[in-house]
Protein chains: 2
Amino acid sequence: MLLSGGVDSATTLAIAQAQGFECHALSFSYGQRHGVELAAARRIAQAFGVDHKVLEIDLRAFGGSALTDEIAVPKDRPIDDSIPVTYVPARNTIFLSFALAWAEVLGARDIFIGVNALDYSGYPDCRPDYIAAFQKLADLATKAGVEGARFRVHTPLIEMTKADIIRKGLELGVDYALTFSCYDPSPAGEPCGRCDACLIRAKGFAEVFTHDERRTMHAL
Amino acid sequence: MLLSGGVDSATTLAIAQAQGFECHALSFSYGQRHGVELAAARRIAQAFGVDHKVLEIDLRAFGGSALTDEIAVPKDRPIDDSIPVTYVPARNTIFLSFALAWAEVLGARDIFIGVNALDYSGYPDCRPDYIAAFQKLADLATKAGVEGARFRVHTPLIEMTKADIIRKGLELGVDYALTFSCYDPSPAGEPCGRCDACLIRAKGFAEVFTHDERRTMHAL
């Protein structure tokens, strides 16, 4: 399973574990501005007691995104259906390809990814059609597929709102204080509070908790 | 375009250039035993005068192949339809995903890969069905695709024999002495002459050149 260190991937891990899967978590150091996310991924993997690998891949070699290039992260943007400059070209395809490689080596057939097609940032590689196409590719791409295995790409959050995701995670015992979402943290690792990721996160928590509850939960 | 440094990718580059494409070549240092291949890729890119990037990706983190793990490369194996231990799980999917990312950043829509479904080593990710599935995925995966672009994965060698590939390359001026194919070179970088890659290469050249011609062409 892909583990970024955010709300969605932490919840996906909790769901996969609750379904009885023995989980192996994969994160990427991809030249992103938010290396602090990786620390969150490590904390979450440890909290769930799962095997965790962090691979270095240099997506800054290509650039083309506010997360991998010298492009400013938009702030206080109304979230609409457009694809923002934080889109990283082919990112989920690269991530899922590595997950497929590791799955095949492990003998695993189930890949979990916390993509979400409702409360998301308009990324094309979070949509159900895309996931279905990758799943089809996985069987054709691999020795395991040729030998009859059928890979499944699980997207348990794909139709959920951010508030539903948080409610589900709380039910499964996720400690969201371990997670991190901001695209543009301060050098000290504090979230900016104004990028898409911060705004979507805040909106989700605002629907689940009262103002007073949130005041006592600084990390959320 | 993906450039490994072997006969097929060098020929593919020559074909793409002859078709009028402005080429950008991508190679990977993936923990393979044959780092000497990368030197060949650099020589070829230079000979063709094309932009060339080499990305480091650590496929040894997963292992599972004679090219990325402590598994012996088979020697003097009869080439059949089985998938050999030199198969690297999901390798072409990982390579094509990075190529897609770079293509999208460049504004390119054409990706070239020198896969071959005839004189090959039985790898699943060299078959036409697999390539078609990746091409479909590319449109769904990207901002460019959402905006109406149609990516094309070109596989000019897919139905050619190794001998035909070499003939085509010679016609286009490829200097095959620059290329390197062996899966298991000596520490000094000499090809073993007995792995699948060496055997397929030798068979191809044997069909194109006479014994005496080959005697004077040591590098082939």
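**Chatting about the A/B contact**

Biologist: Hi! How many residues of chain B are in contact with chain A?

Modeller: In this predicted model, 38 residues of chain B are in contact with 38 residues of chain A.

Biologist: Which elements of chain B are on that side?

Modeller: Those giving two or more residues are β2 (51-56), α3, α4 (128-141) and α5 (143-146) of chain B. Of these, α3(B) gives the most, with 10 residues.

Biologist: And what classes of residue are on the side of chain B that touches chain A?

Modeller: There are 23 nonpolar, 7 polar and 8 charged residues on that side of chain B.

Biologist: Back to α3, then. How do the axes of α3(A) and α3(B) cross?

Modeller: Helix α3 covers residues 91-106 in chain A and residues 91-106 in chain B, and the two axes cross at roughly 170°, coming within 9 Å. Because angles over 145 degrees count as roughly antiparallel, that is what α3(A) is to α3(B).

Biologist: Nice. Which residues meet there?

Modeller: From α3(A) you have Thr93(A), Ile94(A), Ser97(A), Phe98(A), Leu100(A) and Ala101(A). They meet Thr93(B), Ile94(B), Ser97(B), Phe98(B), Leu100(B) and Ala101(B) of α3(B). By class, this helix contact has 8 nonpolar and 4 polar residues, with no charged ones.

Biologist: Switching topic: what is the secondary structure of chain A?

Modeller: Chain A has 8 helices and 4 strands, in the order α-β-α-β-α-β-α-α-β-α-α-α along the sequence.

Biologist: How compact is chain A?

Modeller: As compact as a globular protein of its length, because its radius of gyration is 17 Å and the globule rule gives 17 Å for 220 residues. Also, 49% of the residues of chain A count as buried.

How values were computed:
Residues are numbered from 1 along each chain as its sequence is written. Chains are lettered from A and ligands numbered from 1 in the order in which they are written. This is a predicted model: local features need pLDDT of at least 70, side-chain atom pairs count only at pLDDT 80 or more; totals for chains, interfaces and linings use all residues. Axes are lines fitted to C-alpha atoms, for helices over the stretch in contact, and angles run from 0 to 180 degrees between N-to-C directions. Angles under 35 degrees count as roughly parallel, over 145 as roughly antiparallel, 65 to 115 as roughly perpendicular and the rest as oblique. Two residues are in contact if their C-beta atoms, placed from the backbone, lie within 7 Å. Ala, Val, Leu, Ile, Met, Phe, Trp, Tyr, Cys and Pro count as nonpolar, Asp, Glu, Lys and Arg as charged, and the others, Gly among them, as polar. The radius of gyration is taken over C-alpha atoms; the globule rule is 2.2 Å times the number of residues to the power 0.38. A residue is buried if 20 or more other C-beta atoms lie within 10 Å of its own, exposed if 12 or fewer, and partly exposed in between; C-beta atoms are placed from the backbone.
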